[in-house]
Amino acid sequence: KTKNGGNLRCPIVCVLGHVDHGKTTLLDKIRKTRVAKREAGGITQHIGASEIPIDVIKRVCGDLLNMLKADLKIPGLLVIDTPGHEAFTSLRKRGGALADIAILVVDINEGFKPQTIEAVNILRQCKTPFVVAANKIDLIPGWNSKEMPFILNFNEKNQHPNALTEFEIRLYENVIKPLNELGFEADLYSRVQDVTKTVCIVPVSAVTGEGIPDLLMMVAGLAQKFLEDRLKLNVEGYAKGTILEVKEERGLGTTIDAIIYDGIAKRGDYLVVGLPDGVLVTRVKALLKPKPLDEMRDPRDKFKPVNEVTAAAGVKIAAPDLDKVIAGCPIRIVPKDKIEEAKEEVMRE
Ligand code: GTP
Ligand code: MG
Ligand code: NA
């Protein structure tokens, strides 16, 4: 609970980047899931969502958390995975618009590609702060990559001098320089003095797990800092969200998978959906939450029925009359006396 009695909101972290630069694999490594390997054609085609609880973040980061000057108060992170294939610009924009903070994934060996640049422009437009995950450092010639914090592996004891030189060249040529050309100051995260002025780059390997503690520490620390600065830490009022997918579920009929980005959703309240040609009002029959660390679009476990969902969260909603609803529609979940207010809001979006 915060000073004024509100609940701390879970920040939304959007993962963006060029196709195959390793977004889903990076999340798989954090979650211990295997979503990327099961994707048709090896490409992501939908927005995904998963919750990383704060105790997992603290366990993975360990002593690295001492690098942060503040205690972590957030309840965890809601991570949104997006497709990198050029066909899915609208999904990247939807993900980018939801985000409090973003992780821009760049293959350190390939550098900036068209959808990397597109992602930077989306983030600039949404004024979303971001860190760069410079991925696939295990492929730098001679690099000795291990499942450990990058900061403890980046030294002359663990790396050959040629590998260190090659790392610095790729970091500068493929990541820092293109960011400078797009108008951003950027540097290796451990060399950054002021995180509000310089983009932090965290070298990682989604395959070995190197750098993941550093990445989670930076993202959790920055998310909390930026949320505090924008006074967006409290969850209050009715739920606001966006539909990710519409799905038939046995026994439930047509359901929606949604991200709740603000407020609290309650079972039995009214679901108000902004459609292209009007507004749908229906009654929430069931709220179903994915398990922590499960990818919503490919879960390992069954979703759990709950009476209430607090932002930010992914949730499956069962309700009558969802046949006409489509992905991308704005939603509200409100008590009866707020239906009119909610209708006006979704019509304006
Ligand atoms: P889209 O969602 O389709 O844009 O791709 P993505 O960015 O999610 O990339 P994905 O996780 O599908 O990974 C693409 C390929 O790169 C897979 O074969 C991964 O195994 C591989 N890969 C991802 N990260 C790393 C890494 O750190 N090192 C190495 N060697 N391979 C990686
Ligand atoms: Mg992917
Ligand atoms: Na891929």
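Trainee: How many helices and strands are there in the protein?

Mentor: This is a predicted model, and the protein in it has eight helices and 19 strands.

Trainee: What share of the residues is buried?

Mentor: Buried residues make up 47% of the 349. There is a related value for contacts: among those between residues at least 6 apart in sequence, 75% join residues at least 24 apart.

Trainee: Why is Lys136 called buried?

Mentor: The cut-off is 20 or more other C-beta atoms within 10 Å. Lys136 has 27 C-beta neighbours inside 10 Å, so Lys136 counts as buried. You will find Lys136 in the loop between β6 (130-135) and α5 (150-153). Its phi is near 65°, a positive value in a residue other than glycine.

Trainee: Why is α1 described as largely enclosed by the rest of the structure?

Mentor: Count its residues: seven of the nine are buried, so α1 is largely enclosed by the rest of the structure. The buried ones are Lys23, Thr24, Thr25, Leu26, Leu27, Lys29 and Ile30. After α1 comes Lys32, with a positive phi near 60°.

Trainee: Which helix gives the largest share of the shell around ligand 1?

Mentor: Helix α1 (residues 23-31) does, with three residues. In total, 22 residues surround ligand 1, and the closest are Gly22, Thr24, Thr25, Thr44 and Gly84.

Trainee: What classes of residue make up that shell around ligand 1?

Mentor: Seven are nonpolar, 11 polar and four charged. When you sort them yourself, remember that Gly counts as polar.

Trainee: How do you describe the packing of helix α3 and helix α4?

Mentor: Two packed helices are described by the angle between their axes and the distance between the axes. Helix α3 (residues 89-98) and helix α4 (residues 114-126) pack at about 40°, with their axes 10 Å apart. The crossing of α3 past α4 is right-handed.

Trainee: Which residues make the contact?

Mentor: From α3 come Thr89, Arg92, Lys93, Gly96 and Ala97, and from α4 come Glu118, Ala119, Ile122, Leu123 and Cys126. By class, this contact has five nonpolar, two polar and three charged residues.

Trainee: Which residues of α3 are buried?

Mentor: Leu91, Arg92, Arg94, Gly95, Gly96 and Leu98 are. The buried residues of α3 pack against several elements, including β2 (12-17), β5 (101-107) and α4.

Trainee: Where is there a cis peptide bond?

Mentor: Look at the bond from Ala311 to Ala312, which is cis with omega near -10°. Ala312 lies in the loop between β17 (308-310) and β18 (313-318).

Definitions and conventions. Residues numbered from 1 in each chain as written. Chains lettered and ligands numbered in written order. Predicted model: local features only at pLDDT ≥ 70, side-chain atom pairs only at ≥ 80, totals over all residues. Near = placed C-beta within 6 Å. Helix = DSSP H or I, 4+ residues; strand = E, 2+ residues; numbered from the N terminus. Buried ≥ 20, exposed ≤ 12 C-beta atoms within 10 Å, placed from the backbone. Contact = placed C-beta atoms within 7 Å. Axes fitted to C-alpha atoms, helices over the stretch in contact; angles between N-to-C directions. Left-handed = near helix turned anticlockwise from the far one by under 90°.
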